[in-house]
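Notebook open, structure on screen. I want to go through the annotated positions, then the ligand, the strands and the cores.

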Amino acid sequence: MALALSLGRRGQGTCWPNPSVGCVIVRDGRVVGRGWTQPGGRPHAEPIALAQAGEAAQGATAYVSLEPCSHHGKTPPCAEALIEAGIARVVSAIEDSDPRVAGQGFALLREAGIDVVTGVLAEQAARDHAGFFLKTEQGRPFVTLKLASSFDGRIATETGHSQWITGPNARRAVHAMRARHDAVMVGAGTARADDPSLTVRDLGVERQPVRVVVSRHLDLPLMGHLARTASKIPVWLCHGPHPDPDRARTWEGLGARLIPCALDDHHVEAADLLHQLGQAGLTRVFCEGGSALAASLLESDLVDELVGFTAGLTIGAEGLSAIGALGLDTLETAPRFDLIETQVVGGDILHRWARVTH
Ligand code: AOF
Ligand code: ZN
């Protein structure tokens, strides 16, 4: 199962709107087939592993990191494929939360006389599929908030100078993290100040994450990296009601997808923003700031994981704070996270924190 889960993680960032599942087929103690969900979400993991196993699937055990599907969707049900291939035993990590499946995959397998075990490494599976589960259960994607900051939590000098706070190894690690998410998201201020390309570079990926920019008024530079590449790598602009019609037309002409969102006070509302992105099929979003967008996601309790890269320099109080105002009087209401990982990356420190859910 650990192998099936790690195969499944290979597909993260490329399978949306589907979950990224891994499957291993074992016969007489030997691995005879391995598969994971393919880019775009199909084929599913099981038919790939079954095709590799061929005749050896007869009487074998299939380890699957999610309940095999039971519905006739864009592909035939994986549960049927396992039955037809003569699989004797299915070991699964966790039930599928898609209402079209939700236990019915296990039921089909059991009806066909297959021995079914579930709940193996379920905690890891729940983490790996968290984006898919959130999308099917709450209608929103999993949100990772990444910040690269100075020792004193600043992301730029007073004049906006921010390149570079962290070293090349940390920046490379960020690219690998982008690749594991369906989309990379920034606020309009960051898009204007940094002219980012928000792509995955030098890692040989086949599929780039969607670039999401949250911009109430669509006042984004038309000569920047995002505008120049919008026809090749998706750019989705999440804006408020009644954006300037000329800007809207221009961005559509450049190839961007416009996504209208509700406002709260003067900003795009965080909950509606994520709801719209979930509707559009995203399961995992990597937010890279800036401070206003980070604050609005945190205020609404919509950040699932924090990733910090902390560098050994200080910028001082006049520098730009990584996270905007949260309006807290006491610590009781401060967003809290549990430490899940620390690592030295080049000359910087990586720390990851998971949302406290209880
Ligand atoms: C599996 N194995 O590898 C994946 C599964 O639109 P479709 O027909 O591709 O079906 C998508 C649903 O299939 C998705 O919502 C989830 O329930 C399941 N994904 N199931 O057996 C896989 N990716
Ligand atoms: Zn399937």
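This is a predicted model: local features need pLDDT of at least 70, side-chain atom pairs count only at pLDDT 80 or more; totals for chains, interfaces and linings use all residues.

I started at Thr-190 and looked up its contacts beyond four places in sequence: Pro-196, Gly-289 and Gly-290. Contact here is C-beta atoms, placed from the backbone, within 7 Å of each other. Thr-190 lies in helix α8, residues 188–194. Helices are DSSP runs of H or I of at least four residues, strands are runs of E of at least two, and both are numbered from the N terminus. I count Thr-190 as buried because 25 other C-beta atoms lie within 10 Å. The cut-offs are 20 or more other C-beta atoms within 10 Å for buried, 12 or fewer for exposed, and partly exposed in between, with C-beta atoms placed from the backbone.

Residues are numbered from 1 along each chain as its sequence is written, with chains lettered from A and ligands numbered from 1 in the order written.

**Annotated positions**

Next I checked the UniProt record, an unreviewed entry, which puts "binding site" on Ala-148, Trp-164, Thr-190, Asp-194, Gly-290, Ser-291, Ala-292, Leu-293, Ala-294, Ala-295 and Ser-296. The positions are in the numbering used here, feature names are shortened, and annotations may be inferred rather than shown by experiment.

I looked at Ala-148 too, which sits in strand β6, residues 142–149. Ala-148 is buried, with 24 other C-beta atoms within 10 Å. Leaving out residues up to four places away, Ala-148 touches Ile-165, Thr-166, Ala-170 and Phe-309.

UniProt (unreviewed entry) also gives "binding site" at Ser-162, Arg-178, Leu-198, Arg-201 and Glu-288. I found Ser-162 in the loop between β7 (154–156) and α7 (168–179). Ser-162 is buried, with 21 C-beta neighbours inside 10 Å. Past four places in sequence, Ser-162 touches Ile-155, Ala-156 and Asp-194. Leu-198 is in the loop between α8 and β9 (210–214), and is buried with 25 other C-beta atoms within 10 Å.

**Ligand 1**

Which residues come nearest to ligand 1? I got Val-21, His-44, Ala-45, Gly-73 and Asp-98, out of 19 around it; near means a C-beta atom, placed from the backbone, within 6 Å.

**Strands**

Phe-309, a contact of Ala-148, stands opposite Leu-350 in β18. Strand β15 (305–310) and β18 (348–355) pair antiparallel over six bridges; pairing takes at least two DSSP bridges. On β17 (337–345), the antiparallel pairing with β18 runs over eight bridges, and Gln-343 has Leu-350 as its bridge partner. β17 and β18 make a hairpin with two residues between them, and Gly-346 in the turn has a positive phi of about 60°.

**Cores**

In the largest nonpolar core, 62 residues, Val-213 and Leu-297 touch the most other members. A core is a set of buried Ala, Val, Leu, Ile, Met, Phe, Trp, Tyr and Cys residues joined through C-beta atoms within 7 Å. Apart from it I noted another core of 34 residues, including Ala-53 and Ile-114.

Terms used:
Two residues are in contact if their C-beta atoms, placed from the backbone, lie within 7 Å.
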